[in-house]
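The following exercises concern a single predicted model.

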Amino acid sequence: MNDGSPHELSAAYALDALDGDEREAYETHLAGCERCREDVASFRTTASALAYDVDLPPLPETLEHRIISAARAERPNVVPLRQRVAIPAAALSAVAAVAAVAIGIWAIHLSSSLDHQKSIRKDQKAVIDVLSDCSRTPTQGSSGAICVAPTEKAVLIADSLPAASPGKTYEAWVITGKHVQPAGLFPGGAGRKYVLLTKPVRAPAKVAVTLEKRGGVSAPTTAILLQAEVKPS
Amino acid sequence: MISLRGRRTERSQATARELAHLSDEAVVALVARSDEHALAELYHRFGRLAYGLAFRILRDDALAQDAVQEAFLGAWRAAGRFTAERAKPSTWLLTLVHRRAVDLVRREERRRTEPLQPEMEPAGGEAPDAAELATQRQTIREALRRLPAEQREAIELAYYGGYTQSELAERLGEPLGTIKSRMFTGLARLREELGEDARVRVGPA
């Protein structure tokens, strides 16, 4: 232990118990020592558990504002985010009854249920990737929006569509010209639901939702409940 | 039929309502994209713990606020380099807070003679995750209690007191090697006590 080997400093480093020079020297060592990086990562996890054994005074009221303002002030130094336009939808004309090939229909929805959330973390990431950089077009017919990322991946946000009755399901559609593609099934229900569409949305295109029999269909058979027209930026 | 309601530019920052559903990792991913709502969400999740930790070390409201602010700004700048494989977001953030607080306490030399004596009453349980925090607190407390006294002392003085290993050697009148050994063995044992799933157990889900 006291042989001066830098390997043994991983615990002290994780506890922030090295002084400035020691820390600097150890970080130089870390850069070239995979084993030490693993040790440190594991010890950091243990050390940060210690943070849970502190009393929790009320948060100072202005601290959040201070932090957000300071972060905002720094933003010009960050990579500027591209601005794109989202144009509210025109009403969707009747869906052309064009047969579409149904390929692997699936969809997800996010609920606030913790278990559910954990089980779909991976899919959730895809939803987040879309939501964090997308053009948003509000839907008509019912409250919601379509978010389309530059990758053409899209997420439908549906607010409080009544839960589909037993034997029924909501089905999303991506309509490009006369080409109608099924883009996912979801059950609806109270609150906000996110549906990662299974088809890309390449503007100009329309996204629509109908209520169909359980299991979904390959072309819409009922009236459109919710729709949005995604226009090129 | 409304054909055009004017060209509306909309930077799609996720709203607070959307963010509440997300995993910590997803929120950090949004922070990496300079989404300030996501930064606020991160603060809502961990601000209280961060401030509690900084206050425990610094014993001063203004300094604790500075430490927390610097840590969150550090997170704002570095979120793009956060890798979920290495650490949970809670570990990452608490590490930032701890380091800021320790650096400040050393700079300010504000440490009191007895840094381990908690001064504040635990705040009321109005936070929605209070029960979970209490469970985690209980877990770490029990794990600490099972450590040999001298290992626990070295770890607590280092983590909550902000002492360096050399300062500890001087304070406790032990050779530096002994202090290093206590910290290493103690932390390794604590890791064992907290179990293989310590990664899962620390941090609000």
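**Exercise 1. The nonpolar cores**

Which residues of the largest nonpolar core touch the most other members?

Solution. The structure is a predicted model, in which local features need pLDDT of at least 70, side-chain atom pairs count only at pLDDT 80 or more, and totals for chains, interfaces and linings use all residues. Residues are numbered from 1 along each chain as its sequence is written, chains are lettered from A and ligands numbered from 1 in the order in which they are written, and side-chain values use heavy atoms, with hydrogens and water left out.

Step 1. A nonpolar core is a set of buried Ala, Val, Leu, Ile, Met, Phe, Trp, Tyr and Cys residues joined through side-chain atoms within 4.5 Å. Buried means under 20% relative accessible area, exposed over 50%, and partly exposed in between (1.4 Å probe, protein chains only).

Step 2. The largest core holds 86 residues, and those touching the most other members are A:Leu15, A:Leu50, B:Val68, B:Phe72, B:Met183 and B:Leu190. Helix α3 (residues 36–58) of chain B gives the most to this core, namely 14 residues. Helices (H or I, at least four residues) and strands (E, at least two) are DSSP runs, numbered from the N terminus.

Step 3. A second, separate core has 21 residues, including A:Ile146, A:Val148, A:Ala183 and A:Phe186.

**Exercise 2. Chain B and its helix α9**

Solution. Step 1. Chain B contains 10 helices and 0 strands. Of its 205 residues, 54% count as buried. Where contacts (heavy atoms within 4.5 Å) in chain B link residues at least 6 apart in sequence, 64% of them join residues at least 24 apart.

Step 1. Helix α9(B) spans residues 176–194, and its 19 residues reach 27 Å from first C-alpha to last, close to the 27 Å expected at 1.5 Å a residue. That expected span is 1.5 Å times one less than the number of residues.

Step 2. Buried positions of α9(B) include B:Met183, B:Leu187, B:Leu190 and B:Leu194. Leaving aside neighbours within four places in sequence, B:Met183 is in contact with residues of both chains, among them A:Ala11, A:Leu15, B:Ile155 and B:Leu168.

Step 3. From chain A, A:Thr46 in helix α3 touches B:Leu187, B:Leu190, B:Arg191 and B:Leu194, not counting residues up to four places away in sequence. A:Thr46 is itself buried, at 1% relative accessibility.

Step 4. After α9(B) comes B:Gly195, with a positive phi near 90°.

**Exercise 3. Helix α7 of chain B**

Against which helices do the buried residues of α7(B) pack?

Solution. Step 1. Helix α7(B) covers residues 149–161, and its buried residues include B:Ala154, B:Ile155, B:Leu157 and B:Tyr160.

Step 1. The buried residues of this helix pack against α3 (34–49) of chain A, and against α3, α5 (89–108), α6 (130–145), α8 (165–172) and α9 of chain B.

Step 2. B:Gly162 follows α7(B), and its phi is positive, near 75°.

**Exercise 4. The sheets of chain A**

Solution. Step 1. One open sheet has 4 strands in the order β1-β2-β3-β6, with antiparallel pairing. Strands β1 (135–138) and β6 (189–196) stand at its edges with a single partner each, so one side of each lacks a neighbour in the sheet. Strands pair if DSSP finds at least two bridges between them; β1(A) and β2(A) (residues 144–148) are joined by 4. A:Thr137 has A:Ile146 as its bridge partner in β2(A).

Step 1. Another open sheet of 4 strands runs β5-β4-β7-β8, again with antiparallel pairing. Strand β4 (residues 168–176) pairs with β7 (residues 205–213) over 8 bridges, with A:Glu171 opposite A:Thr210 and A:Val174 partnered by A:Val207. Strands β7(A) and β8(A) are joined by 6 bridges, and A:Lys206 has A:Glu229 as its bridge partner.

**Exercise 5. Cysteines**

How many disulfides are there over all chains?

Solution. Step 1. The criterion is a pair of cysteine sulfur atoms within 2.5 Å.

Step 1. The sulfur of A:Cys147 lies 3.6 Å from the closest cysteine sulfur, in A:Cys134, which is too far for a bond. A:Cys147 is buried, at 0% relative accessibility.

Step 2. The count is 0 disulfides over all chains.
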